[in-house]
Amino acid sequence: MSDLDTFIAGLPKAELHLHIEGSLEPEMMVALAARNGVALPYASVEEVRAAYAFSNLQDFLDIYYAGAAVLLTREDFRDLAVAYFDRAAADGVVHAEIFFDPQTHTDRGVAFATVTEGLLDGMAAAEAKHGITAKLILCFLRHLDEEAAFATLREAEPWLDRIAGVGLDSSEVGHPPEKFARVFAAARAKGLKLVAHAGEEGPPEYVVQALDVLGIDRLDHGNRSLEDPALTARLASSGMTLTVCPLSNLKLCVVDDLADHPIDAMLRSGLRATINSDDPAYFGGYVGENYRAVAAARGLSRDDLVTLARNSFTGSFLDAASIAAHLAAIDAYVASR
Ligand SMILES: Nc1ncnc2[nH]cnc12
Ligand SMILES: [Zn+2]
């Protein structure tokens, strides 16, 4: 390991953009398919992995939704979460705000309670085992209609004290944020935080809508904001956190090469960027690998890495005292090196 890699490994970090269904490793997919008697279109772990060549977001989503079909029981969701937190803890993650896509499961007949209680079980187990804290963010699938999102929000009602916020994911182009204006307003009225994927494949205008129409507290991806200097300046001056996902951007062809990744351009523009793994089982690396790969490809400095890690806490939905404690831990770590 290089010095920088060792530094990254020990740096305390939060992960703010992780789809728990996207942490389903091929080995677990095959094992759960066998455990639950679900037929998979792949004969082996190697065949599953071989299918992971994507030329855009939709290519990936088709496989990601098919893979999620092996998740049926509360124990499955617990096991999935525990496996993610084990990997995250090994990467120096001390806090994670994880997305889940309930509609992917309820539309297959899996109860909202099964999904949510299983994930909460996994979060509790991870806190006991690693001391890692976590929050849940319920994502609405934007290729479905707003009424389906409202129905999901109604189903979530009994768990709203254990759900930190709502997000918006799935196929971006053709499904602008404004389609979900009313359901986001309803979620805000319930005290939930608001995030949305925007500017991953969609144009800068979608980011503007996420800000102005949805009133988001945090922006997921946001890469294409850089095409609009006024928008970039607005995001910077308002201190909006961007949850950037370098290996995802590479695998989904948002960038052609990691050497072209705009992470340092974002920092130089004053954007509060963070590094995240998105769907690590599909994109070739968890959060530590995202830091290492983009640091090597863009020649990031230790100061850049510390800024990125600090941003992951300041951009989290933790309370101010917890954020201050995590920032102090980063300072102590840097001072010890
Ligand atoms: N990167 C991504 N963009 C949109 N929806 C997603 N669902 C899981 N990963 C996603
Ligand atoms: Zn995502």
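Two strands are taken to pair if DSSP finds at least two bridges between them. Helices (H or I, at least four residues) and strands (E, at least two) are DSSP runs, numbered from the N terminus. The model is predicted: local features need pLDDT of at least 70 and side-chain atom pairs count only at pLDDT 80 or more, while totals for chains, interfaces and linings use all residues. Residues are numbered from 1 along each chain as its sequence is written, and chains are lettered from A and ligands numbered from 1 in the order in which they are written.

View 1. Eight strands, in the order 1-2-3-4-5-6-7-8, make up an open sheet with parallel pairing. Strand 1 (13–19) and strand 8 (272–275) each have a single partner strand, so one side of each lacks a neighbour in the sheet.

**View 2. Strands 2 and 3 with helix 7.** Strand 2 (residues 93–100) runs parallel to strand 3 (residues 133–141), and six bridges join them. Phe 99 stands opposite Ile 137 in strand 3. Helix 7 (residues 112–130) packs on the sheet and touches strand 2 and strand 3 (contact: C-beta atoms, placed from the backbone, within 7 Å). The direction of helix 7 makes about 155° with that of strand 3.

**View 3. The surroundings of Phe 54.** Phe 54 lies in the loop between helix 3 (45–50) and helix 4 (57–67). Not counting residues up to four places away in sequence, Phe 54 touches Asp 59, Phe 60, Lys 251 and Leu 252.

Key
Contact = placed C-beta atoms within 7 Å. Axes fitted to C-alpha atoms, helices over the stretch in contact; angles between N-to-C directions.
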